[in-house]
Amino acid sequence: DDQAVTGYLATTYVDDLEDTRCAVCISSAFDVSNPAGDTTAAARFEAVYMAMFDGYSRYFTRSANK
């Protein structure tokens with residue numbers, strides 16, 4: 001719970017590419033009440049999204065190898 005971040009809105013979608021490929025896209029926007037904390041907040045969300053992409057990659061790679 002971060003009281004400095006408000007108005008968080010995120011969207012995740014998957015674009016079907018050719019063959020067995022896809023592109024996972026994440027878009028988000030949020031407000032930071034203390035402008036000095038915007039870099040820290042952005043870095044935190046970036047780390048969360050990288051973990052999500054890593055999880056997607058491991059899940060879908062595993063599924064394709066079954």
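Strands β1 and β2 run antiparallel and are joined by 10 bridges; two strands count as paired if DSSP finds at least two bridges between them. Helices (H or I, at least four residues) and strands (E, at least two) are DSSP runs, numbered from the N terminus. The model is predicted, so local features need pLDDT of at least 70 and side-chain atom pairs count only at pLDDT 80 or more, while totals for chains, interfaces and linings use all residues. Residues are numbered from 1 along each chain as its sequence is written, and side-chain values use heavy atoms, with hydrogens and water left out.

Val 14 is placed in strand β1. The C-alpha atoms of Val 14 and Val 24 are 4.5 Å apart, although the two residues are 10 apart in sequence. Leaving out residues up to four places away in sequence, Val 14 touches Cys 22, Ala 23 and Val 24, where contact means heavy atoms within 4.5 Å. Val 14 has a relative accessibility of 54% and therefore counts as exposed; the classes are buried for under 20% relative accessible area, exposed for over 50%, and partly exposed in between (1.4 Å probe, protein chains only).

Most residues other than glycine have a negative phi. Asp 19 is exposed, with a relative accessible area of 75%.

The cysteines come next. A disulfide is a covalent bond between the sulfur atoms of two cysteines; here it is counted as a pair of cysteine sulfur atoms within 2.5 Å. By this rule the count is zero. Cys 22 is in no disulfide, and the nearest cysteine sulfur, that of Cys 25, is 9.2 Å away. Cys 22 is partly exposed, at a relative accessible area of 43%, and Cys 25 is also partly exposed, at 23%.

Rings of Phe, Tyr and Trp (its six-membered ring) pair if their centres lie within 6.5 Å; planes under 30 degrees apart count as stacked, over 60 as edge-to-face and the rest as tilted. The structure holds four such pairs. The ring centres of Phe 30 and Phe 45 are 4.5 Å apart with planes at 40 degrees, so this pair is tilted. Because Phe 30 lies in strand β2 and Phe 45 in helix α1, the pair ties together parts that are 15 residues apart in sequence. Phe 30 is partly exposed at 25% relative accessibility, whereas Phe 45 is buried at 12%. The rings of Phe 45 and Tyr 49 have centres 6.3 Å apart and planes at 25 degrees, so that pair is stacked. Both residues lie in helix α1, four residues apart, about one turn of the helix, and Tyr 49 is buried, as is Phe 45. Tyr 8, Phe 30, Phe 45 and Tyr 49 form one aromatic cluster.

Helix α1 (residues 38–64) also contains Asp 54 and Arg 58, four residues apart. Their side chains meet in a salt bridge (3.1 Å, N to O); the criterion is a side-chain nitrogen of Lys or Arg within 4 Å of a carboxyl oxygen of Asp or Glu. A search of the whole structure finds one salt bridge. Asp 54 is partly exposed at 40% relative accessible area, and Arg 58 is exposed at 53% relative accessibility.
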